[in-house]
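Welcome, and thanks for taking a look at this one.

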Amino acid sequence: MEKALQPPTRERRLNGVSAYLGDVASLIAELEAGPPASRIRTFSQVASDDVSIALRVLADVEGLGIVVHGARGCAGALVRSRPGRPWAVTNLDQRDTILGADGNLARTLRRLYQRHHPWGIVVVATPVVAINNDDIQAVAQELSDELGIPVVELRTDGFRSRIGATGYDIASAALASLVPPQHGRRRDLINLLAFERGPGLTAVAQQLAGLGLEVNLVPAGAGQEAFAKAAQAVLSVAVFQDESDVLRRELDRLHRVPFLHLRPPIGALGARRFVEAVAEATERPLPIRIDDRVSADLLEERRVVIALPPSQALAVVELVVQFGGRIAGISVDWIDSLHVEGLKALTNAATVALHVGAGQAFELVNWLGKIEPDLLIGTPAAAATAARARIAAVAIEGDDLLGAAGETKLATRIGRALAARQNGFTAGLGTSAYRAGWLKRSPDWHIKREVR
């Protein structure tokens, strides 16, 4: 089995940016000119890091064992995983941190296998391993031979990258190495790459199945059988391409499964374009067109801020315009070179404000106070922040937006939010956690250009 490559951080691989506040056009110019200026925060609120995101990805793979090699707290992101998940932590102490703990890791791997019999195990390195320098790869190879299942290393130290999305990359590299080589190609099989399950994803998969294709969903909810079939697929497509970038590259590099670049299937038009592109690529009849878009002029020229993960935010722009709104600003967790074309597609890129910062509620509420939008469409956390600032807000997440049902769902929630504001509903609003004096500072007060 050929080994997957360890991907560099998002900053190095894709010129990723984790801190920015300015206009869209200026950042596009920076990204196109080469590596953008390095920006750091002198004050930062808590946000998901690459280790926690990688653990969430692994925990959603059926029957896969996870061993976190580090202190007990390093496995915190797994505590909320579903009961019965086969995972363990080596629980390293001060002595292990200094002298190493290869034996502890081997014992933990054997116990996990004896108790749960997983079809594969991923060993997750942590910041502690960066100190004791344990040779995880050697232990993984020894236990793989002994137990007769693949045991692979996921190497990260938790502080190389400031962008949590690096966690998708390192988890993808480990998962790609679990895909066994296969002979032959099935023309009726495609891989649908996604990291989150839900009714929206199920609906997209059903639309693709309507073309007469077998849809192999990986890695969210996938088990050993789905991984075994992945190398036989005629092509791969991704729901959110920026999250699946390393997984699709590794499937292509290791197993020659090509990837079809598509925008997210968000809304009726987005889902139709997605399915039609797959039909064309697999040489199948196009599905019957049904115009199920919401055409109501819901927003009536209202100024809207979108605060979602980057590929979702750029796709929702089209729906906001369709609903008769204007884009006042976009807030995302990170931006990298994969998003440049999406940013260029904004018709008013020179005037659209852009905020880049994961989990920075102080920056968000301060920024919203300066640009004063009529509505925010965002994650539940961003919507709660906007509501406390007395801004009408719609909370929605990635799976909710998929397909025609996603468009209807978004329109319904926008209608409710605007009606509530019109009727004077203010319960729970205006309860800012920040002092008025602090909010007088510039929203990018804590973002500084790094001097080298």
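Arg10 and Asp336 form a salt bridge, with their closest N and O atoms 2.9 Å apart. The pair ties together distant parts of the chain, since Arg10 sits in helix α1 (residues 10-14) and Asp336 in the loop between β11 and α14, 326 residues apart. Please keep in mind that this is a predicted model.

**Around the Arg10 pair**
- Arg10 counts as buried because its relative accessibility is 0%.
- Asp336 is buried too, with a relative accessible area of 0%.
- A network of salt bridges links Arg10, Arg13, Asp169, Asp245, Arg248, Arg249 and Asp336.

**Other salt bridges**
- The count of salt bridges comes to 25.
- Glu62 and Arg85 meet through their side chains at 3.4 Å, N to O.
- Glu62 is partly exposed at 30% relative accessible area, while Arg85 counts as buried at 12%.
- Arg253 pairs with Glu250, the closest N and O atoms being 3.0 Å apart.
- Both Arg253 and Glu250 belong to helix α11 (residues 245-255), 3 residues apart, or about one turn of the helix.
- Arg253 is partly exposed at 27% relative accessibility, whereas Glu250 is buried at 7%.

**Helix α13**
- Helix α13 (residues 310-322) has 13 residues and reaches 19 Å from first to last C-alpha, close to the expected 18 Å.
- Of its 13 residues, 10 are buried, so α13 is largely enclosed by the rest of the structure.
- The buried residues of α13 pack against elements including α12 (267-281), β10 (303-307) and α17 (403-422).
- Gly324, with a positive phi near 90°, follows α13.

Conventions
Residues numbered from 1 in each chain as written. Predicted model: local features only at pLDDT ≥ 70, side-chain atom pairs only at ≥ 80, totals over all residues. Heavy atoms only, no water. Helix = DSSP H or I, 4+ residues; strand = E, 2+ residues; numbered from the N terminus. Expected span 1.5 Å × (residues − 1). Buried < 20%, exposed > 50% of the residue type's maximum accessible area, 1.4 Å probe, protein only. Contact = heavy atoms within 4.5 Å. Salt bridge = Lys/Arg side-chain N within 4 Å of Asp/Glu carboxyl O.
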